[in-house]
Amino acid sequence: MSLSSFRRGTALLRPLLLASALAAVAGIAEARKAEQPGNFDFYVLALSWSPSYCISEGERANRQQCGTSRPYSFIVHGLWPQRESGYPTYCASREPDRVPNRLVDDLRDLMPSAGLIGHQWRKHGSCTGASQEEYFRLLRKARERVKVPEVFDNVEKPIMATPESIEEAFRKANPQLPGDAIAVTCGKRMMREVRICLSEELDFRSCREVDRKDCRLDKVLLPPTRGR
């Protein structure tokens, strides 16, 4: 192919690419209009095992979370409004898309990545009907509601465990937690998250659809915490 032919082909593609990009943006905007903030039944608190994320994502992993000497173990992935079937995302909101630095700084002990904080607000927080301050205040209360078992503190060596034993440890640490209110997720044979269902008042509650998404592996790996 000659250079001139290549340039003509590229010029023809540009309008198509632009149209595709505009259609995608319009589609997201329409989806956001269709979702009504506050239309949900309960919350899911997602606790991510940070070492699994850092290993799985490798060079693509967030540096604020993985490129640090701080040994993160469980971090808050998010607090998600959930329906009995499905969940809302990217709702229209009067709040700005960007989370101000003062709120980001207040959350770094729970969520070390500014990008994660912003993404969670836009995708999930916007659907609660709360302001940014109210949503992140609720997120902190939800995290305080759940006691993480001591066995997951200071993990210095890799652990192989069954998903059932991980859930059992959480239930022992949180006696009011029903067996169908928690799910362990996995990927690349590693434990990725523990998801716990909470009512709007932040009481533990059953959630069959979430529970059905439990990891099906016999055993999962928990890599040790980083930065040691």
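This is a predicted model: local features need pLDDT of at least 70, side-chain atom pairs count only at pLDDT 80 or more; totals for chains, interfaces and linings use all residues.
Residues are numbered from 1 along each chain as its sequence is written, and side-chain values use heavy atoms, with hydrogens and water left out.

The chain has 8 helices and 6 strands, where helices (H or I, at least four residues) and strands (E, at least two) are DSSP runs numbered from the N terminus. Read from the N terminus on, the elements follow the order α-β-α-α-β-α-α-α-β-α-β-β-α-β. Of the 228 residues in the chain, 42% are buried; buried means under 20% relative accessible area, exposed means over 50%, and partly exposed lies in between, with a 1.4 Å probe and protein chains only. The chain exposes about 12600 Å², and carbon and sulfur atoms supply 51% of this area, as computed by the Shrake-Rupley method with a 1.4 Å probe, where for residues only the protein chains shown count as cover. Among the contacts (heavy atoms within 4.5 Å) with a separation of 6 or more, 79% come from residues 24 or more positions apart.

The chain also holds 4 disulfides, a disulfide being a pair of cysteine sulfur atoms within 2.5 Å. Because Cys 54 lies in helix H2 (residues 50-57) and Cys 66 in helix H3 (residues 63-66), the pair ties together parts that are 12 residues apart in sequence. Cys 54 counts as buried at 5% relative accessibility, and Cys 66 is buried with a relative accessible area of 4%.

Another disulfide joins Cys 91 to Cys 127, with a distance of 2.1 Å from S to S. Here the torsion about the S-S bond is about 100°, so the disulfide is right-handed. Cys 91 lies in the loop between strand E2 (74-82) and helix H4 (101-107), and Cys 127 lies in the loop between helix H5 (114-123) and helix H6 (132-145), so the pair ties together parts that are 36 residues apart in sequence. Both Cys 91 and Cys 127 are buried.

A further disulfide is made by Cys 186 and Cys 215, with their sulfur atoms 2.1 Å apart, and with 90° about the S-S bond this link is right-handed. Since Cys 186 lies in strand E4 (residues 182-187) and Cys 215 in the loop between helix H8 (208-211) and strand E6 (220-222), the pair ties together parts that are 29 residues apart in sequence. Cys 186 is partly exposed, with a relative accessible area of 30%, whereas Cys 215 counts as buried at 7%.

We turn next to the interior. In soluble globular proteins, nonpolar side chains tend to be buried together. A nonpolar core is a set of buried Ala, Val, Leu, Ile, Met, Phe, Trp, Tyr and Cys residues joined through side-chain atoms within 4.5 Å. The largest nonpolar core has 45 residues, and of these Ile 166 and Phe 170 touch the most other members. Helix H6 gives the most to this core, with 5 residues. Leaving aside its neighbours within four places in sequence, Phe 170 is in contact with residues including Leu 47, Phe 74, Val 146, Leu 177 and Ile 196. A second, separate core of 8 residues includes Val 44, Ala 46, Ala 183 and Cys 207.

Pro 51 and Pro 71 are 20 residues apart in sequence, and their C-alpha atoms are 8.7 Å apart in space. H2 is followed by Gly 58, whose phi is positive, near 55°.

Finally, the largest pocket is lined by 17 residues, of which Arg 70, Tyr 72, Ser 73, Phe 74 and Arg 143 lie nearest its centre. On a 1 Å grid over the protein atoms alone, a pocket is an open set of points where a 1.4 Å probe fits, with protein on both sides within 12 Å along at least five of seven lines, and lining residues have an atom within 4 Å of a point. Strand E2 gives the most to this lining, with 3 residues.
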